[in-house]
Amino acid sequence: MDLQTLLDERAIYLQICALADAMDQRDWEALDHILTEDADGDFGTGERIVGRRGFVALFSHFLGNCGPTQHLIGNVRVSIDGDTAESRCYIRDMHIGHGARAHLFMSSSGEYLDRWQRTADGWRMTHRTKKTPIITGTLEALGIGQAE
């Protein structure tokens, strides 16, 4: 393994963490520095997500009426192939309800499968699939479709 491969792996790892931080902070502008404009995703909702705006819409839908969240990343594996790469990592997320739902939680464990492209501005995600074999708690914690 050469130094450039290690640097590329580190850069992708930091982007994976930046996306988790963006979700927890609800910092949708940060996605401009993480995703390609035409990135797509499959989060197990039955609907393919297309473009940064699609990611923001999905994240806002699930996190907009939710209280604090924490998306923990582990077991990161990155494979570099020139100017493209693939990564896999475990995800463990916790969502706490907001307001009258503060006693509720929803947590999931799974894996992110990502594809990356080297750009003039660094590594950008072109695709994410989330596989979620474990969910505990209740989706009511997210407050989907509810106003506070």
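This is a short tour of the side-chain contacts in this structure, stop by stop. Keep in mind that the model is predicted.

**Stop 1: the aromatic rings**

Start by showing the Phe, Tyr and Trp side chains. Across the whole structure there are four aromatic pairs. For one of them, select W28 and F59: their ring centres sit 5.9 Å apart, and with 35° between the planes the pair is tilted. W28 belongs to the loop between α1 (3-25) and β1, while F59 is in helix α2, so this contact ties together parts that are 31 residues apart in sequence. Are these two side chains buried or exposed? Both W28 and F59 are buried.

Keep all four residues on screen: ring pairs link W28, F43, F55 and F59 into a cluster.

**Stop 2**

Next, colour the charged side chains. Side chains of opposite charge can pair when their charged atoms come close. How many salt bridges does a search of the whole structure find? The search gives nine.

Select R52 and E37 to see one of them, with 2.8 Å from N to O. R52 lies in helix α2 (residues 51-63) and E37 in strand β1 (residues 35-42), so the bridge ties together parts that are 15 residues apart in sequence. R52 is buried, with a relative accessible area of 18%; the cut-off for that label is under 20%.

Then pick R48 and D40. These two also form a salt bridge, and their closest N and O atoms are 3.0 Å apart.

**Stop 3: a bridge between β4 and β6**

Move along to K130 and D93. Their side chains meet in a salt bridge, 2.9 Å from N to O. K130 is part of strand β6 (residues 122-137) and D93 is part of strand β4 (residues 84-96), so this pair ties together parts that are 37 residues apart in sequence. Both K130 and D93 are buried.

While the charged residues are still showing, select D8, D83 and R118. Salt bridges with shared partners join these three into one network.

**Stop 4: arginines over rings**

Which residue lies over the face of Y112? That is R128, at 3.5 Å from the ring centre. Select R77 and Y90 for another such arrangement: R77 lies over the face of Y90, at 5.2 Å from the ring centre.

**Stop 5**

Switch to the backbone and go to R26. This residue has a positive phi of about 55°, although R26 is not a glycine. You'll find R26 in the loop between α1 and β1, and its side of the story on accessibility is 24%, which counts as partly exposed.

Now jump to N75. Again phi is positive, at about 50°, and again the residue is not a glycine. N75 lies in strand β3 (residues 69-81), and N75 is partly exposed, with a relative accessible area of 49%.

**Last stop: the cysteines**

Finish by selecting the cysteines. How many disulfides are there? The count comes to zero. Zoom in on C17: the nearest cysteine sulfur, in C89, is 8.2 Å away. A disulfide needs the two sulfurs within 2.5 Å, so C17 is in no disulfide. C17 is partly exposed, at 21% relative accessible area.

Then centre on C66. Its closest cysteine sulfur is also in C89, but 20 Å away, which is too far for a bond. C66 counts as buried, at 9% relative accessibility.

Conventions: Residues are numbered from 1 along each chain as its sequence is written. This is a predicted model: local features need pLDDT of at least 70, side-chain atom pairs count only at pLDDT 80 or more; totals for chains, interfaces and linings use all residues. Side-chain values use heavy atoms; hydrogens and water are left out. Buried means under 20% relative accessible area, exposed over 50%, partly exposed in between (1.4 Å probe, protein chains only). A salt bridge is a side-chain nitrogen of Lys or Arg within 4 Å of a carboxyl oxygen of Asp or Glu. Helices (H or I, at least four residues) and strands (E, at least two) are DSSP runs, numbered from the N terminus. Rings of Phe, Tyr and Trp (its six-membered ring) pair if their centres lie within 6.5 Å; planes under 30 degrees apart count as stacked, over 60 as edge-to-face and the rest as tilted. A charge sits over a ring if NZ of Lys or CZ of Arg is within 6 Å of the ring centre and within 35 degrees of the ring normal.
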